Amino acid sequence: MNVSPAVAPYLESFRERRPALPGGSLPWLRQIREAAIAQFRDRGFPGPRDEDWKYTRTAPLERQPFRAATGDPEDAADADVARCAGRVPAGCCRLVFVDGRLSRAHSAFEDPGDGVVVTAMRDALERPPEALRRHFGRYAGREGFPFAALNTAFADDGAFIHLQRRASTPHPVHLLFLSTGREPDVVSHPRVLVIAEVASRALVVEHYAGVGAGSRCFNNAVTEVVLESGACVEHYKVQLEGESTYHIASIEVQQAENSHFTSHLTSLGGRLVRHDINVRMAAPHARCDLQGLYLASGRQHMDFHTRIDHLEPGCTSNEVYKGVLDGRARGVFNGRVLVHPDAQKSDAHQANDNLLLSPHVEIDTKPQLEIHADDVKCSHGATVGQLDESMLFYLRARGIEERSARALLTFGFLEQMLETVPISWLRESLEHGIAGRLPGAADLPGLGDREEATS
Amino acid sequence: MLQIADLHVRVDGKEILKGVDLEVSAGEVHAIMGPNGSGKSTLAHVLAGREGYEVTRGEVRYEGRDLLALAAEERACAGVFLAFQYPVELPGVNNTYFLRAALNAMRRHRGEEEISAMAFMKLVRERLRVLHMDQALLKRPVNVGFSGGEKKRNEIFQMAVLEPRLAILDETDSGLDIDALRDVASGVNALRSAERAMVLVTHYQRLLSHVAPDFVHVLNDGRIVKSGDHKLALHLEEYGYAGVGEEAALS
């Protein structure tokens, strides 16, 4: 079989690293990894004929192979970690990963709550609990997404979060993935598995940040979330690496009866960014909310693919994505909602709104509803537009110059997606992150500084 | 303070103002009344600097400067304030932040220091009291989900905080219930001063029974057809605008 030159280095790297990967002595895990690398070998990188990758070319990723970091994760500067972490309060259980590997010194394994286990994925794979063994790799790695297979083959760190019946996290579990850019062409394969047993409640923040401009790096992340009946998981993903980072990630969610999954995604950083979120509501009366906001400028490319499967009756899904594109940025939104034949009384709503700040941007948005049941309530829609002239005039009539007025309205457009974020430190970090990236925001001191604005 | 001379304005190719003359001095309150479509709101918007209004003839001087040459934000910074007939909703823009940004833009323009957060909140609380406005509105996005009355109160509240030299109130009384009308009127009255001028654009006399104007002008078909004191407003309330137009045509 012919293996493409872009794929070959990864196969070679796998042969080299295989013995040292966590859980290398466990046959079941070895088998999963072997199957995954074989899948990646057969599929290769997505090609121009892949409908799912129509607007996103991964050629820049293929040109040069990426390899695992060799530096010591403990060497990351405290100041860098503190700056990237944002205003996380003390008492939060926090795992810090530097170029893909856990830094124990920077992490705080505070008590995550009764019946809640938070472990580094590396440790969990070395001594896998039964629950991990049952779920690891079961949901990721669909057809058409070879990157998840690549992650499964190489996965060596990340987090395993397990909530027993009725357990709940008193504070959000904060997973901070730092890219230092101190070594060239570093790849990491962060892996997160969340298992929420019956009636448990979890708050998880998966946070990607870059320390500085630095050299190219590639974050290839996979998150699997399993919700048993009545479980409630809120997953916040924050993606703000530097401009030389490639970020490709999938979130795979499996939901049981009456469970409620919330995904809140903020994408501000990176050069080439792709997020896939797949939710399977596999039992009656499950509910999922997918919320996303993105701000891309310069030559950033951001692609969001979501798929929600209504497999059983009485499930509800709500999806809202809002984005701003500036400079020469490119955005892609593809949201599929599938209502299967048995899924009567499904309630599905989907919206994607885009604000274009420059004539050189491009957005390809495609909300898709596929309905195979007849008693359902579904809606979908997409908008693409510019800032409203009457809003601009209102601000200018109050003395705010046009540039700042534009920044303020753009901020407001995205801020609407943050109003419901219940974690105040996270909301503030995100507001600051957005304000700091808006052209014209320099004249708006304290924008996003909620305390100052309303105290 | 404000001199409007022979002002002609077109909107979408149609002539709306056909030669307006008006002089407003500091300390005065002028009411501009007129039937629907007479050009009242066009006049208010032209003075505030809204785009899409083509001035074909005439001039407007404000404190000796050519007002029409200034951008909307420059006019605001120079002390011109428009209370909107339909205040715009700004989703996601915090009311307090917005108002402080506006005040600081004006202070920067005047070469003053920006106001501290504490001094600002003190000022805001003082002004809220006069208007009987709910403090919770400050934490909400600008005008989003506000009732009609709350939006109008918010306009007058902004005026009270920004302290303009020339305030133009465009149909601020329309759609207000009695309590809101009284609060808005007391807000306006509290701002009357020897240094400040006000132009009240209105369809009805109801606001004028709370805010006594020094002058009343009737705008009809793009021209001021009659001017007088507050008694003119009472006359209009009783006899309507039709008579005034004919009378002017005869004279």
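Student: Which residue stands opposite Cys288(A) in β16(A)?
Tutor: In this predicted model, Ser317(A) of β16(A) is the residue opposite Cys288(A).

Student: How do β14 and β16 of chain A run, and how many bridges join them?
Tutor: Strand β14 (residues 287-296) and strand β16 (residues 316-325) of chain A run parallel, and ten bridges join them.

Student: What sheet do they sit in?
Tutor: They belong to an open sheet of ten strands in chain A, in the order β2-β1-β5-β8-β10-β12-β14-β16-β18-β20, with mixed pairing.

Student: Which strands stand at the edges?
Tutor: The edge strands are β2 and β20 (377-385) of chain A; each has a single partner strand, so one side of each lacks a neighbour in the sheet.

Student: Let us take β1(A). Which strands does β1(A) pair with?
Tutor: With strand β5 (residues 173-179) of chain A, β1(A) pairs in the parallel sense over five bridges, and Arg94(A) stands opposite His174(A) there. With strand β2 (residues 101-102) of chain A, the pairing is antiparallel, over two bridges. Arg101(A) in β2(A) is the bridge partner of Val98(A).

Student: How many residues of β1(A) are buried, and which way do they point?
Tutor: Five of the five residues in β1(A), residues 94-98, are buried. Arg94(A), Val96(A) and Val98(A) point one way, while Leu95(A) and Phe97(A) point the other way. In a regular strand, side chains alternate between the two faces of the sheet.

Student: What lies between β1(A) and β2(A)?
Tutor: The two strands form a hairpin with two residues between them, and Asp99(A) in the turn has a positive phi of about 50°.

Student: Which residue forms a salt bridge with Asp99(A)?
Tutor: Arg182(A) does, with the closest N and O atoms 3.9 Å apart. Arg182(A) lies in the loop between β5 and β6 (186-188) of chain A, and Asp99(A) in the loop between β1 and β2 of chain A, so the pair ties together parts that are 83 residues apart in sequence.

Student: Are those two buried or exposed?
Tutor: Asp99(A) is buried, at a relative accessible area of 6%, whereas Arg182(A) is partly exposed, at 38%.

Student: Over to chain B. What does β4(B) pair with?
Tutor: Strand β4 (residues 53-62) of chain B is joined to strand β1 (residues 2-11) of chain B by eight bridges, and the two run antiparallel. Within that pairing, Glu54(B) is the bridge partner of Arg10(B). β4(B) also pairs in the antiparallel sense with strand β5 (residues 65-66) of chain B, over two bridges, where Arg61(B) stands opposite Asp66(B). In the hairpin of β4(B) and β5(B), two residues lie between the strands, and Glu63(B) takes a positive phi near 50°.

Student: Where does Arg153(B) lie, and is it buried or exposed?
Tutor: Arg153(B) is in helix α5 (residues 148-162) of chain B and is buried, with a relative accessible area of 14%. Beyond its neighbours within four places in sequence, the contacts of Arg153(B) include Leu131(B), His132(B) and Asp179(B).

Student: Which residue forms a salt bridge with Asp179(B)?
Tutor: Arg182(B) does, with the closest N and O atoms 2.9 Å apart. Asp179(B) and Arg182(B) are three residues apart in helix α6 (residues 178-191) of chain B, and are therefore separated by about one helical turn. Asp179(B) is partly exposed at 44%, and Arg182(B) is partly exposed at 45%.

Student: Which residues of chain B are linked in a network of salt bridges?
Tutor: Lys122(B), Glu126(B), Arg127(B) and Glu163(B) are linked in such a network.

Student: Now the interface. How much area do chain A and chain B bury?
Tutor: They bury about 2700 Å² between them, 62% of it on carbon and sulfur atoms. Phe393(A), Tyr394(A) and Arg398(A) supply 30% of the area that chain A buries against chain B, more than any other three residues.

Student: How many salt bridges cross there?
Tutor: There are three salt bridges across the interface. One of them joins Glu155(B) to Arg398(A), with the closest N and O atoms 2.7 Å apart.

Student: Which element gives the most to the side of chain A that touches chain B?
Tutor: That is α9(A), with seven residues. By class, this side of chain A has 14 nonpolar, seven polar and eight charged residues.

Methods: Residues are numbered from 1 along each chain as its sequence is written. Chains are lettered from A and ligands numbered from 1 in the order in which they are written. This is a predicted model: local features need pLDDT of at least 70, side-chain atom pairs count only at pLDDT 80 or more; totals for chains, interfaces and linings use all residues. Side-chain values use heavy atoms; hydrogens and water are left out. Helices (H or I, at least four residues) and strands (E, at least two) are DSSP runs, numbered from the N terminus. Buried means under 20% relative accessible area, exposed over 50%, partly exposed in between (1.4 Å probe, protein chains only). Contact means heavy atoms within 4.5 Å. Buried area is the accessible area (1.4 Å probe) that two parts lose on being put together, summed over both. A salt bridge is a side-chain nitrogen of Lys or Arg within 4 Å of a carboxyl oxygen of Asp or Glu. Ala, Val, Leu, Ile, Met, Phe, Trp, Tyr, Cys and Pro count as nonpolar, Asp, Glu, Lys and Arg as charged, and the others, Gly among them, as polar. Two strands pair if DSSP finds at least two bridges between them.
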